[in-house]
Amino acid sequence: MFEWFWRFLYQISKGLYWAIDMVMQCVNKLCGIEPINLGEEKIDFLSYLLTGQNIRFAFASMALLGIVVVVILAIFSILRNITKDKPNTTPARIVVQSGKNILMFLFVPFIMLTVTYFLNTFMRAVYQATLAGSTSVGSFLFVSFGQEAGLDATETSDFLTGVLDYTKNNDVFSHLEISDYQFILSWIVGIVVLFAIVGTLAKFVERTLSILVLFIISPISIGSSVIDEGARFKAWRDQVISKFLVAYGLIIAINIYCLMVNLVMQPGFGFFEPGSILNYVAKVLLVLGGALALNSVGQLIGNLVAPGIGGQ
């Protein structure tokens with residue numbers, strides 16, 4: 001009698017899962033976990049930008065200016081040391097350091113592309129490992145909240161691997177008792193995870209722009225370190241590391257959070273006596289608390305990789 005009502009409620013859950021998967025695909029493209037299409041070639045988004053003609057021209061122009069800056073600052077540093085009673089360094093050392101700085105920023109394109117390639121390869125492996133074999137975050141959330149609605153192990157595996165599709169009503173309604181689906185919990189988790197992933201998308205857009213800026217101005221930042229014993233170079237390097245790592249931690253945190261949700265929603269799991277309403281309340285609080293902690297967990301993962309700057 002109320003079948004239409006349960007189906008209507010499921011459309012809300014399905015819409016959240018679908019939106020999560022769509023935004024997650026955009027995030028994966030931006031961060032390099034999935035490649036973009038460039039004609040018949042596939043390449044990660046950041047490498048495509050770094051090798052773009054306009055970006056390469058801008059970097060080459062800044063490199064020429066960087067060489068001029070290095071020469072001017074080297075002359076200034078030599079003159080400053082000559083006028084001192086006790087020079088900090090010799091003119092020969094300043095010339096050698098200037099040459100090192102020029103070589104360093106000329107190698108920046110190779111270094112940035114190499115770091116991008118290896119970091120993307122590593123993150124693909126970590127992402128797939130924390131996704132636990134499922135095809136998407138949405139499918140993982142679907143089976144997590146459908147375990148008490150009659151999904152058996154085979155059906156769960158089929159939904160996770162894409163044999164069955166949570167977006168197809170026939171697949172869903174023929175394999176579970178829709179009235180027993182955990183709608184409220186699915187909405188709580190779906191909304192919070194969706195906002196977290198949208199925030200991650202915004203962070204990756206900002207990260208991409210920041211890396212391009214750091215890449216183009218690197219000759220000036222590295223070249224000017226002639227007069228400050230490398231302080232500007234260190235600041236530039238820390239910013240590059242931070243921008244490469246930002247939001248990666250949150251992606252992994254979301255996947256690990258989904259693993260936790262899946263375990264919490266197991267039919268036999270409970271904090272109190274079976275059938276107690278407190279079990280449901282405890283699960284709601286645990287799931288909601290974990291969702292609200294996603295951002296701090298993402299920063300924790302970033303800081304484990306680069307202490308002090310990974311969570312910026």
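**View 1. The second largest pocket, with a volume of about 320 Å³.** This is a predicted model, in which local features need pLDDT of at least 70 and side-chain atom pairs count only at pLDDT 80 or more, while totals for chains, interfaces and linings use all residues. Residues are numbered from 1 along each chain as its sequence is written, and side-chain values use heavy atoms, with hydrogens and water left out. On a 1 Å grid over the protein atoms alone, a pocket is an open set of points where a 1.4 Å probe fits, with protein on both sides within 12 Å along at least five of seven lines, and its lining residues have an atom within 4 Å of a point. Grid points are joined across faces, edges and corners, and the volume is the space filled by probe spheres set on the points. The second largest pocket is lined by 22 residues, and those nearest its centre are Asp21, Gln25, Thr135, Ser136 and Val137. The elements that give two or more residues to this lining are helix H1 (3-31), helix H5 (108-130) and H6, and the largest share, six residues, comes from H1. Helices (H or I, at least four residues) and strands (E, at least two) are DSSP runs, numbered from the N terminus.

**View 2. Helix H7 (residues 153-161) and its buried residues.** Glu155, Thr156, Phe159 and Leu160 are buried in H7, where buried means under 20% relative accessible area, exposed over 50%, and partly exposed in between (1.4 Å probe, protein chains only). Seen down the axis of H7, these buried residues fall within an arc of 135°, so they line one face of the helix; the arc is that of the directions from the helix axis to the C-beta atoms. The face of H7 turned away from its buried side carries the exposed residues Ala153 and Thr154. What covers the buried residues of H7 includes helix H6 (137-145) and helix H8 (169-173).

**View 3. Pro219 in helix H9 (residues 183-223).** Pro219 counts as buried, at 0% relative accessibility. Leaving aside its neighbours within four places in sequence, Pro219 is in contact (heavy atoms within 4.5 Å) with Phe59, Met62, Ala63, Gly66 and Phe105. Pro219 and Met62 are 157 residues apart in sequence, while their C-alpha atoms are 6.2 Å apart in space.

**View 4. Ser225, in the loop between H9 and helix H10 (231-245), and Ile72, in helix H3 (residues 53-82).** Ser225 is buried, with a relative accessible area of 4%, whereas Ile72 counts as exposed at 52% relative accessibility. Ser225 and Gln97 are 128 residues apart in sequence and 9.3 Å apart in space, C-alpha to C-alpha. Ile72 and Val226 are 154 residues apart in sequence and 10.0 Å apart in space, again C-alpha to C-alpha.

**View 5. Two cysteines, Cys26 and Cys31.** Cys26 is partly exposed, with a relative accessible area of 40%, whereas Cys31 counts as buried at 2% relative accessibility. If a disulfide is taken as a pair of cysteine sulfur atoms within 2.5 Å, the count comes to zero disulfides.
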